[in-house]
Amino acid sequence: MLHPLKIKSSLEIFFSAVGALLTRELYTRFGTTLGYAWALADTFVQVGVFVAVKELLMAPLVLAYDYTVFLAVSFLAYNLFRSVVLRSMPAYEANRPLFMYKKVKPFDAVVARFLLEWMIMLSSFSVLFAIGISLGKIVSPKDIVMTLFAVAWFSLFTFSVGFLISILGELSDSVKKVVDFLFTPLMFVSAVFYPASVLPAEAKKYVLYNPIANFLEFLRSAYFATLDTSNVDFYYMAWWTFVPLFVGLVLYAKYEKRIIAA
Amino acid sequence: MINFKNASKVHYANGKKKIILTDITQTIPSGINVGIVGNNGVGKSTLLRLIGGVDELDSGTIQTNSSTSWPMGFSGGFQGSMTGSQNADFVCSLYANNHEHRAKAKAIVREFAELGEYFDVPVKKYSSGMRARLAFGLSLAFDFDYLLVDEIMSVGDNQFREKSKRALEQKLEKSNVIMVSHDNETLKQFCTAGIVMYGGMMLYFDKIDDALRNHQEILNQYGGITI
């Protein structure tokens, strides 16, 4: 009646599963049209609020960089981290019925969600960039190659952490609750709306234990001519990228069937 | 052909241990349609999941060189917040060879399921009859060596049931089916061989009538529910 089914290689299966899941996420991620608008407006609103605060409270303060662009870069990155982690956690629960198809693995669901959040970040970036140009605001990156490298590394970091937490959350519900709770204060200790260099030495020491703060410093140093990497610990960032990924893969190999069958 | 070799499986549900298979070595020959019977909760659906490669044995192996469908039933397989049409898209993009094949498969599902405007309503709002229509439509869209069917044959109105049976008959000219059903008539109509599951055992009978008789004896002796 139909064509016989082609035997697909495991890589082909992986891509077709991620593609199918990505479409599935697009169907349900935004809900209504307003959902699309909000996904893009999110960063815009945050930037607006912090610019307004700065203008109202610290108007005479002159910074060596454009604070609006600074905020846009920081919030785009921070929001990517937040949404990748928070959306990876329920990825298995939300796709469980689809694991009935043996071509679809839980890992594919995490990858699909990561890709979708990345695409949302890219769209927000495009919107902010367009607004920036029309306001005559854009400072182009100091070092484009380094900026792209920083974005790629940071993206891998968000995936690693999101992947590990998705498995831990699957093994224990309290992990999900703790992570949800931690995200409330996390923004304030991640050097999102200030560079680490403005902090007093004591506070800076603690904030730089936060890998996100390191990544944001690195990202902005590649973007802004007036910022540098003096507060960035690259080894520390590498640890935070590869250890979660490795631990995540080990746990995943052990618990994949349990995640499918739960 | 499906080969079970020293296959063992224990299932944990709600903190309770349930023995599904204990050291089963058994061959299901090629080209034969098999009906699976057993009490409620004995592990018939788990057996289908094992054959379909969705679930894994604790020890031993199940080997086959045949392609098997996903286990088609009421639970699983559909993402509730997606519409029937979107769920069909999902499966079609997984299993279709190319765009043309995909469009053709989708058309078969739409046509067979006869869900009307419900095709564009989220699946979580479906009745079990509607889910069965969608599941059955999807089962027709692709050619597997084995269709794994979990109960979906015995729902819906008479007219749809007749239509499903005709479609399955046609399908079985090229494929085989492994079917879980509580309806003996359906099993007799489609299956030549039978498997009776009981307490970790998996008894294979060349004739479905023998399997049904054996299952009836178990029912008479021990009652209908295995705990």
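How many residues does the contact take from chain B, and how many from chain A? Hi everyone, let's start there: chain B gives 27 residues and chain A gives 25, with two residues in contact if their C-beta atoms, placed from the backbone, lie within 7 Å.

A quick word on the basis. This is a predicted model, where local features need pLDDT of at least 70, side-chain atom pairs count only at pLDDT 80 or more, and totals for chains, interfaces and linings use all residues. Residues are numbered from 1 along each chain as its sequence is written, while chains are lettered from A and ligands numbered from 1 in the order in which they are written.

Back to the side of chain B that touches chain A. β5 (68-72), α2 (84-95) and α3 (99-113) of chain B each supply at least two of its residues; helices (H or I, at least four residues) and strands (E, at least two) are DSSP runs, numbered from the N terminus. The largest share, seven residues, comes from α2(B).

Now look inside chain B. An automatic or database assignment gives domain 1 (1-67 + 144-158 + 174-227) and domain 2 (79-143).

Finally, a backbone detail for you. Ala191(A) has a positive phi of about 55 degrees although it is not a glycine. Ala191(A) sits in the loop between α7 (173-186) and α8 (201-207) of chain A. Ala191(A) has 26 other C-beta atoms within 10 Å, so it is buried (20 or more is buried, 12 or fewer exposed, in between partly exposed; C-beta atoms are placed from the backbone).
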